[in-house]
Amino acid sequence: MRKITKLLGLGLCALGMSAVAQSASADVLKDIVKRGELRVAVQTQGPPVSFVDKNGERTGFAIEVVKMMAKDMGVELKLLDYDWKGLIPAVNSGKADFLAADMTPNAKRTLVLSFTEPYLYSDVVLYSKKSQSFVKWQDACKGGVSIGAVQGSSNVGLLKKKCPDSTIKEFAGGGAAVAQAVAADRADAGINDIASAAGYMIEYPEFKVLDGAPKRWPLSFATRPDENHLLRWMDNYFMLIRNDGRLETLADYWMRGPTWKKDH
Amino acid sequence: MDWILDFYNFRVVAQYIPDFARGLGSTAWISLLALVISLSVGTVVAIMRMSANQLLWRPAAAYVQAIRSTPLLIQIYVIYFTLPALPLLGRRLDELEGGIIALGLNAGAYMSEIIRAGIESISRGQVEGAQSVGMTYLQRMRYVVLPQAIARVAPTLLGQTAVLIKDSSLVSFIGVFELFGAGLLVYNERLMPNEGYLTVAACYLAIYAVMLSLTGYAQRRLGGTAG
């Protein structure tokens, strides 16, 4: 036992020192231009935000925004694919310059990372099998109804507040795992953002989206708290592409309908 | 002091103690039940596999091979998602039951191989000696062979149990809240990986330490009576 404690202590010291060593950095935008490469941490959470399409190419709304960014910066793009659990360590350790995901800032998260201004607001919806009698999302908010959500996601907290009587089932393994649970009658309804839900409607013809949205989440990119220049740059970039219409075009294509399904 | 808080902020962790306690309890409970299943199944399967009767050893061998050649996550999914309502139960297994049974059946295959090795290590003379004093097959197993066999392979069984406990986090994929879920909660709400995952690791280490001392105790007891 003493050996274990010693070993653990040693490991903690080593980790601690590496954390200190990595925290010192100047303006990362200078580094990006110097190395000619923008390193972005992404996850493969599934269409339409970030996924590998039928041609084997990584694409999706967040990915296309980042590709545009790198092109306008005039640098190469290097996408680093992480599981959700690995995203924040990747950014904090400096392996990635920022993370591009459909992440929602909140008061506590913003203590740890700097979030950009939202690039999009996304409705949250509930979906179920057509055989269920639900019409509005509120119909699923009653005792005896189970609603599936991604484990630990913001939607779990939302459900606890909006549907306190329902049973909430948290599934690890992302939104697809929740949809699978609904399809296998393991949950009466599921919750996700409207774009992902639209994807499930195509995959599972027996599904329907319930009317109304319990919440509208802001979606942001995020970087280390001390990267002020990069954060300003990204905010500025979103303002630019919002004004010249490119952001809207991408959002329409990816997030507001099944248009992308034809090409990917 | 400051760098410790930078690296691991225990004030934040303290806010999540109820969640970690709930997760730890859930993991311990799931693992304990799965361990009981796996040891029972493992013992029966080990004995079946050593039988000369084809109807006994063939299904046992098939079970062990099937479990060892497929990933645990798939086994959990199959039991949870594809099993229909069970006739005796009158309904489908819920996520906790499905998870525990899948874990127990999975570990049972590995346990059976370990127990079989233990049984085979008991010298033939002891069995013959037991036979000569008129013990039946079950009595021989119960009083002579199994206590010694289990005591002999106890360290290996402990190792497999540690694997079982760590594997139990996979039941989160079918919606069971356990220790890893508590760590994930800290990560998701606060974006603090160290506070989430290192706490989880410490809890697993604590379970392991408790188990280590229990095994030492059990081994001494078994070794003593088998003498």
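In this predicted model, the centres of domain 1 of chain A and domain 2 of chain A are separated by 26 Å, taken over C-alpha atoms. Chain B has 10 helices and zero strands. The two chains touch through 22 residues of chain A and 19 residues of chain B.

**The two domains of chain A**

- The domain assignment places 26-120 + 218-263 of chain A in domain 1, and 122-216 in domain 2.
- Contact between the two domains involves 12 residues of domain 1 of chain A and 11 residues of domain 2 of chain A.
- On the side of domain 1 of chain A that touches domain 2 of chain A, seven residues are nonpolar, three are polar and two are charged.

**Local features of chain A**

- Helix α4 of chain A covers residues 84-92, and its buried residues are Trp84(A), Leu87(A), Ile88(A), Ala90(A), Val91(A) and Asn92(A).
- Gly94(A) follows α4(A) and has a positive phi, near 85°.
- Asp185(A) lies in the loop between α6 (174-183) and β10 (189-193) of chain A.
- The phi of Asp185(A) is positive, about 60°, although Asp185(A) is not a glycine.
- Asp185(A) has 12 other C-beta atoms within 10 Å and is therefore exposed.

**Overall form of chain B**

- From the N terminus on, the order of elements in chain B is α-α-α-α-α-α-α-α-α-α.
- Along the principal axes, the C-alpha atoms of chain B fill a box of roughly 70 × 45 × 30 Å.
- Chain B has 227 residues, of which 39% count as buried.
- Among the contacts in chain B with a separation of 6 or more, 75% are between residues 24 or more positions apart.

**Helix α3 of chain B and its partners**

- Two packed helices are described by the angle between their axes and by the distance between the axes.
- For helix α3 (residues 17-49) of chain B and helix α4 (residues 54-68) of chain B, the angle is about 130° and the axes are 7 Å apart.
- α3(B) and α4(B) are therefore oblique to each other, and α3(B) passes α4(B) in a left-handed crossing.
- In this contact, α3(B) contributes Val45(B), Met48(B) and Arg49(B), while α4(B) contributes Leu56(B), Trp57(B), Ala60(B), Ala61(B), Tyr63(B) and Val64(B).
- By class, the residues of the contact of α3(B) with α4(B) are eight nonpolar, no polar and one charged.
- α3(B) also packs with helix α6 (residues 95-120) of chain B, at an angle of about 45° and with the axes 6 Å apart.
- α3(B) and α6(B) are therefore oblique to each other, and the crossing of α3(B) past α6(B) is right-handed.
- The contact of α3(B) with α6(B) has 16 nonpolar, seven polar and two charged residues.

**Ala46 of chain B**

- Ala46(B) is placed in helix α3 of chain B.
- Ala46(B) counts as buried because it has 24 C-beta neighbours inside 10 Å.
- Leaving out residues up to four places away in sequence, Ala46(B) touches Ser112(B), Ile115(B), Arg116(B) and Ile119(B).
- Ala46(B) and Gly108(B) are 9.6 Å apart in space, C-alpha to C-alpha, and 62 residues apart in sequence.

**Other local features of chain B**

- In helix α5 (residues 72-82) of chain B, the residues Leu72(B), Ile76(B), Tyr77(B), Ile79(B) and Tyr80(B) are buried.
- The cover over the buried residues of α5(B) includes α6 and α8 (137-167) of chain B.
- Leu191(B) is in the loop between α9 and α10 of chain B.
- Leu191(B) is a residue other than glycine with a positive phi, near 55°.
- Leu191(B) is buried because 24 other C-beta atoms lie within 10 Å.

**The contact between the chains**

- The contact takes 19 residues from chain B and 22 residues from chain A.
- On chain B, α1 (2-7), α9 (179-190) and α10 (193-226) each supply at least two residues of the side that touches chain A.
- α9(B) gives the largest share of that side, seven residues.
- The side of chain B that touches chain A has 13 nonpolar, four polar and two charged residues.

Note on methods: Residues numbered from 1 in each chain as written. Chains lettered and ligands numbered in written order. Predicted model: local features only at pLDDT ≥ 70, side-chain atom pairs only at ≥ 80, totals over all residues. Domains from an automatic or database assignment. Contact = placed C-beta atoms within 7 Å. Nonpolar A, V, L, I, M, F, W, Y, C, P; charged D, E, K, R; others polar. Axes fitted to C-alpha atoms, helices over the stretch in contact; angles between N-to-C directions. Helix = DSSP H or I, 4+ residues; strand = E, 2+ residues; numbered from the N terminus. Parallel < 35°, antiparallel > 145°, perpendicular 65-115°, else oblique. Left-handed = near helix turned anticlockwise from the far one by under 90°. Buried ≥ 20, exposed ≤ 12 C-beta atoms within 10 Å, placed from the backbone.
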